[in-house]
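Biologist: I would like to learn how to read a model like this one. Could you take me through it step by step?

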Amino acid sequence: MKDIRAGKEREVGSKATWSVSSWIPGHGVRLLSGNNKNTYWKSCGTFPHLVNIQFRNETVISHVYIYVDYALDKCYTPSIISIRTGSNFDDLEEYKLIELVRRRYWIKIRIPDPLKINLLQIAVLKTNDDCDDCIIRLIKIHSPTPKFYRTYNILKLWR
(Lines give C-alpha, C1' and ligand atoms only; values in the text may rest on other atoms or scores of the structure.)
Protein backbone atom coordinates (compact mmCIF):
# COMPACT_ATOMS: atom_id res chain seq x y z
CA MET A 1 0.00 0.00 0.00
CA LYS A 2 3.03 2.19 -0.47
CA ASP A 3 1.41 3.75 -3.56
CA ILE A 4 -1.04 5.58 -1.26
CA ARG A 5 1.84 7.00 0.76
CA ALA A 6 3.58 8.00 -2.49
CA GLY A 7 0.44 9.83 -3.69
CA LYS A 8 -0.09 7.54 -6.71
CA GLU A 9 -3.27 5.92 -5.39
CA ARG A 10 -6.15 6.53 -3.02
CA GLU A 11 -8.54 4.18 -1.23
CA VAL A 12 -12.03 4.51 -2.77
CA GLY A 13 -13.96 1.73 -1.04
CA SER A 14 -15.45 4.27 1.35
CA LYS A 15 -17.23 5.92 -1.60
CA ALA A 16 -19.10 2.70 -2.41
CA THR A 17 -22.11 0.82 -1.09
CA TRP A 18 -21.16 -2.64 0.14
CA SER A 19 -23.39 -5.72 0.35
CA VAL A 20 -22.84 -9.45 0.91
CA SER A 21 -24.77 -12.57 0.04
CA SER A 22 -24.91 -13.70 3.68
CA TRP A 23 -23.38 -13.11 7.10
CA ILE A 24 -23.21 -14.46 10.61
CA PRO A 25 -24.59 -12.01 13.24
CA GLY A 26 -21.78 -9.85 14.60
CA HIS A 27 -19.63 -10.42 11.50
CA GLY A 28 -21.35 -8.32 8.84
CA VAL A 29 -20.32 -6.40 5.78
CA ARG A 30 -19.25 -3.18 7.57
CA LEU A 31 -16.24 -5.01 9.04
CA LEU A 32 -14.75 -5.62 5.58
CA SER A 33 -13.98 -1.99 4.81
CA GLY A 34 -12.50 -1.05 8.19
CA ASN A 35 -8.88 -1.12 9.30
CA ASN A 36 -8.96 -3.76 12.03
CA LYS A 37 -7.39 -7.11 11.07
CA ASN A 38 -8.90 -8.67 14.21
CA THR A 39 -12.48 -8.34 12.92
CA TYR A 40 -13.92 -10.13 9.90
CA TRP A 41 -16.91 -10.87 7.69
CA LYS A 42 -18.12 -14.44 7.99
CA SER A 43 -20.53 -15.84 5.44
CA CYS A 44 -23.06 -18.57 5.92
CA GLY A 45 -24.91 -20.72 3.44
CA THR A 46 -24.00 -22.10 0.06
CA PHE A 47 -21.36 -21.08 -2.47
CA PRO A 48 -20.61 -18.71 -4.01
CA HIS A 49 -20.22 -16.23 -1.15
CA LEU A 50 -20.44 -12.74 -2.64
CA VAL A 51 -19.13 -9.31 -1.71
CA ASN A 52 -20.63 -6.56 -3.89
CA ILE A 53 -19.02 -3.13 -3.99
CA GLN A 54 -21.16 -0.63 -5.92
CA PHE A 55 -20.06 2.87 -6.86
CA ARG A 56 -22.63 5.58 -7.60
CA ASN A 57 -20.45 6.97 -10.41
CA GLU A 58 -18.13 5.17 -12.78
CA THR A 59 -14.88 4.71 -10.83
CA VAL A 60 -11.40 3.82 -12.01
CA ILE A 61 -9.77 1.03 -10.02
CA SER A 62 -6.13 -0.06 -10.18
CA HIS A 63 -5.77 -2.53 -7.28
CA VAL A 64 -7.92 -4.72 -5.07
CA TYR A 65 -6.42 -5.85 -1.76
CA ILE A 66 -7.92 -8.72 0.24
CA TYR A 67 -6.63 -9.64 3.69
CA VAL A 68 -6.98 -13.27 4.78
CA ASP A 69 -5.32 -15.15 7.62
CA TYR A 70 -5.10 -18.92 7.29
CA ALA A 71 -3.29 -19.26 10.63
CA LEU A 72 -6.36 -17.90 12.46
CA ASP A 73 -9.22 -18.90 10.18
CA LYS A 74 -8.08 -22.34 8.94
CA CYS A 75 -10.72 -24.02 6.74
CA TYR A 76 -12.79 -20.81 6.51
CA THR A 77 -10.05 -19.10 4.46
CA PRO A 78 -10.96 -18.69 0.76
CA SER A 79 -8.97 -20.86 -1.64
CA ILE A 80 -10.55 -19.79 -4.97
CA ILE A 81 -11.81 -16.25 -5.58
CA SER A 82 -13.36 -14.76 -8.71
CA ILE A 83 -13.06 -11.01 -9.32
CA ARG A 84 -15.95 -9.76 -11.45
CA THR A 85 -16.50 -6.27 -12.84
CA GLY A 86 -19.23 -4.41 -14.67
CA SER A 87 -21.60 -1.48 -14.65
CA ASN A 88 -24.41 -3.47 -12.98
CA PHE A 89 -25.37 -7.02 -11.98
CA ASP A 90 -26.61 -7.82 -15.51
CA ASP A 91 -23.27 -7.27 -17.27
CA LEU A 92 -20.78 -8.64 -14.74
CA GLU A 93 -17.82 -10.41 -16.33
CA GLU A 94 -15.11 -12.40 -14.65
CA TYR A 95 -11.94 -10.33 -14.67
CA LYS A 96 -9.66 -12.73 -12.82
CA LEU A 97 -9.76 -16.11 -11.10
CA ILE A 98 -7.34 -16.40 -8.18
CA GLU A 99 -6.22 -19.50 -6.34
CA LEU A 100 -4.97 -18.92 -2.80
CA VAL A 101 -2.78 -21.42 -1.02
CA ARG A 102 -3.17 -21.03 2.74
CA ARG A 103 -2.38 -17.35 2.69
CA ARG A 104 -1.80 -15.08 5.65
CA TYR A 105 -1.45 -11.54 4.43
CA TRP A 106 -2.70 -9.00 1.92
CA ILE A 107 -3.44 -10.42 -1.50
CA LYS A 108 -2.69 -7.72 -4.05
CA ILE A 109 -4.73 -7.97 -7.25
CA ARG A 110 -3.22 -5.62 -9.79
CA ILE A 111 -5.36 -4.24 -12.60
CA PRO A 112 -2.74 -3.64 -15.35
CA ASP A 113 -4.96 -1.26 -17.34
CA PRO A 114 -7.06 0.56 -14.73
CA LEU A 115 -10.75 -0.29 -15.18
CA LYS A 116 -13.72 2.08 -15.11
CA ILE A 117 -16.49 0.28 -13.26
CA ASN A 118 -19.65 0.80 -11.25
CA LEU A 119 -19.69 -2.67 -9.69
CA LEU A 120 -16.96 -4.91 -8.33
CA GLN A 121 -17.94 -8.37 -7.13
CA ILE A 122 -15.66 -10.67 -5.17
CA ALA A 123 -16.98 -14.23 -5.28
CA VAL A 124 -15.56 -16.89 -2.99
CA LEU A 125 -15.97 -20.11 -4.96
CA LYS A 126 -14.17 -22.47 -2.58
CA THR A 127 -12.55 -22.51 0.85
CA ASN A 128 -9.72 -24.56 2.29
CA ASP A 129 -10.85 -28.06 3.24
CA ASP A 130 -14.25 -27.31 1.62
CA CYS A 131 -15.83 -25.55 4.62
CA ASP A 132 -19.30 -24.19 3.88
CA ASP A 133 -18.65 -20.72 5.33
CA CYS A 134 -15.79 -18.30 4.66
CA ILE A 135 -13.95 -15.51 6.46
CA ILE A 136 -12.42 -12.42 4.85
CA ARG A 137 -10.86 -9.91 7.22
CA LEU A 138 -10.45 -6.77 5.07
CA ILE A 139 -10.90 -5.51 1.51
CA LYS A 140 -9.41 -2.31 0.10
CA ILE A 141 -10.13 -0.83 -3.33
CA HIS A 142 -7.56 1.56 -4.80
CA SER A 143 -7.85 4.07 -7.58
CA PRO A 144 -5.04 6.05 -9.21
CA THR A 145 -4.95 9.67 -8.12
CA PRO A 146 -6.09 12.07 -10.89
CA LYS A 147 -2.52 13.29 -11.53
CA PHE A 148 -1.11 9.76 -11.76
CA TYR A 149 -4.03 8.56 -13.93
CA ARG A 150 -3.48 11.38 -16.45
CA THR A 151 0.24 10.49 -16.62
CA TYR A 152 -0.65 6.81 -17.12
CA ASN A 153 -3.00 7.65 -20.02
CA ILE A 154 -0.35 9.84 -21.73
CA LEU A 155 2.26 7.09 -21.42
CA LYS A 156 -0.24 4.54 -22.77
CA LEU A 157 -0.72 6.67 -25.92
CA TRP A 158 3.04 6.58 -26.59
CA ARG A 159 3.22 2.77 -26.62
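Modeller: We will go from the overall fold to the strands, and then to the cysteines and an asparagine. This is a predicted model, in which local features need pLDDT of at least 70 and side-chain atom pairs count only at pLDDT 80 or more, while totals for chains, interfaces and linings use all residues. Residues are numbered from 1 along each chain as its sequence is written, and side-chain values use heavy atoms, with hydrogens and water left out.

Biologist: How many helices and strands does the protein chain have?

Modeller: Helices (H or I, at least four residues) and strands (E, at least two) are DSSP runs, numbered from the N terminus. Here the protein chain has three helices and nine strands, in the order α-β-β-β-β-α-β-β-β-β-β-α along the sequence.

Biologist: Which strands does E4 pair with in the antiparallel sense over 16 bridges and over five bridges?

Modeller: Two strands pair if DSSP finds at least two bridges between them. Strand E9 (residues 138-144) and E4 pair in the antiparallel sense over five bridges, and Tyr-67 stands opposite Leu-138.

Biologist: Is strand E4 mostly covered or mostly open?

Modeller: Buried means under 20% relative accessible area, exposed over 50%, and partly exposed in between (1.4 Å probe, protein chains only). In strand E4 (residues 49-69), 17 of the 21 residues are buried, so this strand is mostly covered. Across the 159 residues of the protein chain, 47% count as buried.

Biologist: Which cysteines does a disulfide join?

Modeller: A disulfide is a covalent bond between the sulfur atoms of two cysteines. The search counts a pair of cysteine sulfur atoms within 2.5 Å, and it finds one disulfide in the whole structure. Cys-75 and Cys-131 are the pair, with S to S 2.0 Å. Cys-75 sits in the loop between helix H2 (70-73) and strand E5 (78-86), and Cys-131 in the loop between E7 and E8, so the bond ties together parts 56 residues apart in sequence. The torsion about their S-S bond is about -80 degrees, so the disulfide is left-handed.

Biologist: Is Cys-44 buried, partly exposed or exposed?

Modeller: Cys-44 is partly exposed, at 30% relative accessible area, whereas Cys-134 is buried at 0%.

Biologist: What does Asn-128 touch?

Modeller: Contact means heavy atoms within 4.5 Å. Leaving out residues up to four places away in sequence, Asn-128 touches several residues, including Tyr-70, Cys-75 and Arg-102. Asn-128 is buried, at 8% relative accessibility.
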